[in-house]
Amino acid sequence: MVKSRIVIIADSVLDGTVSIEEVWQNYGNMIQGTCNVSTEQEANALVGLYLRYGIHLDNNGYYKDAKAMYEKTLDVLSNEKKVMSEQSIQQASEATLYRLAIVNRKMDNDVDAFRQIKVLRNMFPHNDEYKQAYIGCVGNIISKYTNPVYIIIAVLFLLKMGEVYLTHTHFIPGWLVDAGWILWICMLIVQFGLPWVFKKILK
């Protein structure tokens, strides 16, 4: 069987004849213009070219561009799934979602990373790495939104201490300080309790 051009290009990357960067410099427009392929071999080649270029960009610090390339890989998978086997789709989806989750984490997009890890956890419910990553994402999201609250509480306590010991006044009402203590305790429960609950549930 005669290989199509997209397969020949993908094979040249796999055998080390050219780098993925050179391929995208020379054939990027052609690759992006390729759609609705007719064979699984072509679909796998197209998916591989997008994914490998995303990894190349990711490894060189171009996280935003890498994210776009990973998302395009998922689009290609969705568009070409009619000619791909379930195994090929699953393998490519796993690799792409994992990479996308990592690059989102590097960009502090914790909610997006959580979405990808959640999909992976559902796809592979017995995979310990995805379970731990899921718990880690929950902890990161909680910390991201509770840390500002800690700062507000700390400022409130400092103002109250300065008011009492330096100015000897009582402008800040006592109930507000009490509310700060209660809020601080609630934040501790949320930050450390929820990840522990998730960990127990996922065992």
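**Where Glu-42 sits**

In which helix is Glu-42 found? Glu-42 belongs to helix H3 (residues 40–59), where helices are DSSP runs of H or I with at least four residues, numbered from the N terminus. This is a predicted model, with local features needing pLDDT of at least 70 and side-chain atom pairs counting only at pLDDT 80 or more, while totals for chains, interfaces and linings use all residues. Residues are numbered from 1 along each chain as its sequence is written, and side-chain values use heavy atoms, leaving out hydrogens and water.

Glu-42 is buried yet lacks a salt bridge. Buried means under 20% relative accessible area, exposed over 50% and partly exposed in between, with a 1.4 Å probe and protein chains only; a salt bridge puts a side-chain nitrogen of Lys or Arg within 4 Å of a carboxyl oxygen of Asp or Glu. The nearest side chain of opposite charge, Lys-82, is 9.8 Å away (Lys and Arg count as positive, Asp and Glu as negative; His and chain ends are not counted).

**Aromatic pairs**

The structure holds 5 aromatic pairs (rings of Phe, Tyr and Trp, the last by its six-membered ring, with centres within 6.5 Å; planes under 30 degrees apart are stacked, over 60 edge-to-face, the rest tilted). Tyr-98 and Tyr-130 make a tilted pair, 6.0 Å centre to centre with 55° between the planes.

Tyr-98 is partly exposed at 29% relative accessibility, whereas Tyr-130 is buried at 5%. Elsewhere, ring pairs join Trp-24, Tyr-50 and Tyr-53 into a cluster.

How values were computed: Helix = DSSP H or I, 4+ residues; strand = E, 2+ residues; numbered from the N terminus.
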